[in-house]
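Here is a short briefing on one strand and its surroundings. Read it alongside the coordinates.

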Amino acid sequence: MSKRVRPTGGKSRGAESVMVVGPGVLVPMTVAEYLRECGYRVVEAITGEEALKILGAGVKVDTVMSAVKLQGTMDAFALAQRIRNDFSAILLDVHMPGMD
């Protein structure tokens, strides 16, 4: 059984927000649930288009975690490019084990 690692760093616990983007239910739900248990505010999207719509509506997100293969017309690399161009302050982590 693996140890659960709690977040540490400069911000107080629960101050960070993470968007989890991924198709299907199991892996994104598990990642989102774990992040919530660690005190993060989590926003979920299934497609890159949905993620961009949420961000465009002004929802504050510190980090985006995305599966490489997404439903819809864009993959995670296209999503990352759009986020980089339109929302430059957001950090990107384009990886979810089991989803690439």
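Two strands count as paired if DSSP finds at least two bridges between them. In strand β3, Val64 is the bridge partner of Met19. The model is predicted. The points below cover strand β1, its pairing and the residue Ser17.

**Pairing of β1**
- Strand β2 spans residues 41–45 and is joined to β1 by five bridges.
- β1 and β2 run parallel.
- Opposite Met19, β2 places Val43.
- Strand β3 covers residues 63–66 and is linked to β1 by four bridges.
- This pair also runs parallel.

**Burial and side-chain direction**
- β1 is mostly covered, with five of its five residues buried.
- In a regular strand, side chains alternate between the two faces of the sheet.
- Ser17, Met19 and Val21 point one way from β1.
- Val18 and Val20 point the other way.
- Residues on both sides are buried.

**Ser17**
- Ser17 belongs to β1, which covers residues 17–21.
- Is Ser17 buried or exposed?
- Ser17 has a relative accessible area of 2%, so it counts as buried, the cut-off being under 20%.
- Its side chain reaches the backbone oxygen of Lys60 at 3.0 Å.
- Beyond neighbours within four places in sequence, Ser17 is in contact with Arg41, Lys60, Val61, Asp62 and Thr63.

Note on methods:
Residues numbered from 1 in each chain as written. Predicted model: local features only at pLDDT ≥ 70, side-chain atom pairs only at ≥ 80, totals over all residues. Heavy atoms only, no water. Helix = DSSP H or I, 4+ residues; strand = E, 2+ residues; numbered from the N terminus. Buried < 20%, exposed > 50% of the residue type's maximum accessible area, 1.4 Å probe, protein only. Polar contact = N/O pair within 3.5 Å; in protein donor to acceptor, adjacent residues only side chain to side chain. Contact = heavy atoms within 4.5 Å.
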